[in-house]
Amino acid sequence: MIKSILNYIVCPVCLGDLELDEERRANGEVIKGRLVCQKCEHIYTIQGGIPILTPPGVKPYDWLSKELTWALKQVNPRKAVQMIAEGKIKPKKVSCDEPVLTQEELEEGEYKDSENFLRDRFGSIKGAREHFRRRLNENRKFFDMIIRMGMLDKSDVILDVGTGYGYMLQYLAEHLKSTRIFSIDISYTNLKAVRGRFRIFGIERDIHLVAADALHSPFRNDQFDAVESWAGYGNIVGFSGLFSEAYRILRNQGWFVTDVVEGLESVDRDLRILIKTVGEEFFIRNFRRLGLIPRKDEIVEAMKGCGFRKISSKKVNSASIIIWGQKTV
Ligand SMILES: C[S@@+](CC[C@H](N)C(=O)[O-])C[C@H]1O[C@@H](n2cnc3c(N)ncnc32)[C@H](O)[C@@H]1O
Ligand SMILES: [Zn+2]
């Protein structure tokens, strides 16, 4: 965590200022420490260089994919999907006197931040570089369009929401050389993977990675020129809740841009197998109960309801649509 981030982040609950209490610093970054809310006094932690600003009780992990993976080992696939959709399986909570991450999760984070992770996953560092280069090239048209529609290339300060393994973020880092880039994801370990890869690949940019819930984002009002979320519709539960947060943290005239799929052919391989097993109609019906995979018209309506204007959309390929709109007060 770079100290200058304190000008931008606040308590996700009361939006109070945060005071830094450093424990360990290396190469100009705060690696471990605490961030204390000056208003409600809640204490947030910094672990492995990442500020963890999920609201009290909310665990910084990608609960949907973790709990679904767990459920698939316990019950048949249809039952697993249904139990998640009906709220019979919920995200794990943390109590106030408990650390937000277990020792095991911290260790998983350190592993994902290391060269070993890239070697295990892609065969070698060179293999990892080639994988990301290929994927970024495949998505070039898509990413360029998001950049254009969200005016990201004309922005000074932008936010990438639901960073995941950071395909979009890497593209932004490589193409927007002088933009100040922030990134949030609810998964601490995903952000650690991004942090490690960027360091190993030599992407020498000050990118602020924050573990946070997009629906309770830890940022001051009116500070981003653009907020973008690529491929978040299948993971961010209650996806439309993100739009009012984006509106709040955008400056007047700032742009929000996101995408959605019409079919499910472009989802990742593991999910495709699951969809084939449970049936597409069943899968969509249940995921939609969690506010996932919304339709384009639902997104447009929700954005309108938040106050966005100049809402437009464009089909990028047979499956995906980009949607964008401007905050106008
Ligand atoms: C599939 S990734 C999106 C792809 C990513 N934007 C990229 O460029 O590679 C979706 C991410 O959303 C994150 N996520 C899920 N719920 C979230 C929430 N409430 N707030 C922030 N991130 C969330 C997940 O942890 C996951 O990493
Ligand atoms: Zn507070």
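**Group meeting: one predicted chain and its ligand**

Asparagine 27 sits in the loop between β1 (18–26) and β2 (29–37). Its phi is positive, about 45°, although it is not a glycine. Most residues other than glycine have a negative phi.

A word on conventions. This is a predicted model, in which local features need pLDDT of at least 70 and side-chain atom pairs count only at pLDDT 80 or more, while totals for chains, interfaces and linings use all residues. Residues are numbered from 1 along each chain as its sequence is written, and chains are lettered from A and ligands numbered from 1 in the order in which they are written.

Alanine 231 also has a positive phi, about 60°, and is not a glycine. Is alanine 231 buried or exposed? Alanine 231 counts as buried, because it has 21 C-beta neighbours inside 10 Å. Its place is the loop between β8 and α9.

Now the whole chain. It has twelve helices and eleven strands; helices (H or I, at least four residues) and strands (E, at least two) are DSSP runs, numbered from the N terminus. Of the 329 residues, 36% count as buried. The radius of gyration, taken over C-alpha atoms, is compared with a globule rule of 2.2 Å times the number of residues to the power 0.38. For 329 residues a compact globule would have a value near 20 Å, and the chain has 19 Å, which agrees.

Next, the inside. A nonpolar core is a set of buried Ala, Val, Leu, Ile, Met, Phe, Trp, Tyr and Cys residues joined through C-beta atoms within 7 Å. The largest has 69 residues, and Ala211, Val227 and Phe256 have the most contacts inside it. A second, separate core has six residues, including Ala80, Val81, Phe283 and Phe287.

In helix α9 (residues 241–249), the buried residues are Leu242, Phe243, Glu245, Ala246, Tyr247 and Ile249. Among the elements covering them are β10 (308–315) and β11 (320–327). Those two strands form a hairpin with four residues between them. They pair in the antiparallel sense over six bridges, where pairing takes at least two bridges found by DSSP. Serine 313 has isoleucine 323, in β11, as its bridge partner.

Last, the ligand. How many residues surround ligand 1? There are 22, and the closest are Asp62, Gly162, Gly164, Met168 and Ala214; to be near, a residue needs its C-beta atom, placed from the backbone, within 6 Å. Helix α7 gives the most, with three residues.

Strand β6 also holds phenylalanine 182. Phenylalanine 182 counts as buried because it has 25 C-beta neighbours inside 10 Å. Leaving out residues up to four places away in sequence, phenylalanine 182 touches Tyr8, Leu159, His208 and Val210; contact means that the two C-beta atoms, placed from the backbone, lie within 7 Å.

Technical notes. Buried ≥ 20, exposed ≤ 12 C-beta atoms within 10 Å, placed from the backbone.
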